[in-house]
Amino acid sequence: MDAAVAMTDEQKFFFDLRGWLLLPSILTDDDIEEMKAEVYAGAKRSYEGALQRLLDHPAIVGILSEILTEDQYALDECYGFRCEASFTTVRPPGWSKTERRDSGMPHVVRPPQQANAMRYQVAGGKIYSGLTRVVWELEEVRSGQGATSFLSGSHKAHFNYGGPNPSKSNIGESPWEDSMRDAMEDYSCPPGSIVIFTESLIHAANDWTNPDNPRCAVFNCYNSIWSQWHRTQLDHEIIAVMPKKRQTLFRGTWAIGGNREYSEENRAL
């Protein structure tokens with residue numbers, strides 16, 4: 001595997017400012033076609049086949065190490081962060097956000113002012129992104145035609161969304177909902193691009209209206225080695241055939257005393 005690409009100062013600035021980054025044209029044409037074929041053939045997650053290479057692709061390892069890891073836990077033999085969920089999506093032209101359980105309601109993992117292990121924070125010049133999503137777009141995405149949208153900067157919000165329930169993790173019932181939706185932005189990108197965002201950022205799914213191609217994407221979720229949001233529910237037999245370092249993405253959720261190796265007894269469930 002190629003060496004990880006370090007996160008630049010410019011990327012840190014804009015990730016902290018907006019809560020998300022777009023990295024265009026990362027995959028080769030051959031990679032795109034191979035991985036896209038797997039998704040269209042019914043792959044539901046990125047743990048097997050060619051899609052497995054996305055889990056620790058050099059283009060994301062440096063960034064995830066910067067925003068999810070303390071230096072002493074990023075070692076040659078293990079990653080300083082974990083992967084805890086993956087799913088793929090194919091949204092044909094005309095796909096409606098009403099097919100989702102949340103009907104595309106803008107949401108977050110943490111309501112404003114609610115401190116928990118998943119929240120975004122910066123201390124001592126260091127970003128701690130909490131629960132972090134990496135989206136691999138395998139088809140062209142055009143702004144305004146169905147990309148994930150973001151309320152940039154909302155990952156650092158300190159005030160309630162205006163709804164009656166301050167603990168609610170979406171903006172439903174807020175009298176400001178229309179204004180917040182109007183302020184959301186999305187992106188355009190060619191196939192093989194990456195979007196990285198903190199799940200503390202208000203984000204939403206949208207109707208896929210691009211008439212020329214479906215949305216074909218892989219959504220992988222990462223976290224600190226100390227915390228867990230999703231149940232991984234990944235078979236040991238799948239992990240056991242991965243390269244040793246890749247296996248450490250699925251080790252148990254603990255740090256004291258050194259948690260550097262994956263095993264069947266030391267795996268996230």
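User: How do you know that Glu33 and Lys36 are about one turn of the helix apart?

Analyst: Both sit in helix H2 (residues 29-40), three residues apart; helices here are DSSP runs of H or I with at least four residues, strands are E runs of at least two, and both are numbered from the N terminus. This is a predicted model, where local features need pLDDT of at least 70, side-chain atom pairs count only at pLDDT 80 or more, and totals for chains, interfaces and linings use all residues. Residues are numbered from 1 along each chain as its sequence is written, and side-chain values use heavy atoms, leaving out hydrogens and water.

User: What makes Glu33 and Lys36 a salt bridge?

Analyst: The definition asks for a side-chain nitrogen of Lys or Arg within 4 Å of a carboxyl oxygen of Asp or Glu. The closest N and O atoms of this pair are 3.3 Å apart, so Glu33 and Lys36 qualify.

User: Why is Lys36 called buried, and Glu33 partly exposed?

Analyst: Buried means under 20% relative accessible area, exposed over 50%, and partly exposed in between (1.4 Å probe, protein chains only). Lys36 has 12%, so it is buried; Glu33 has 48%, so it is partly exposed.
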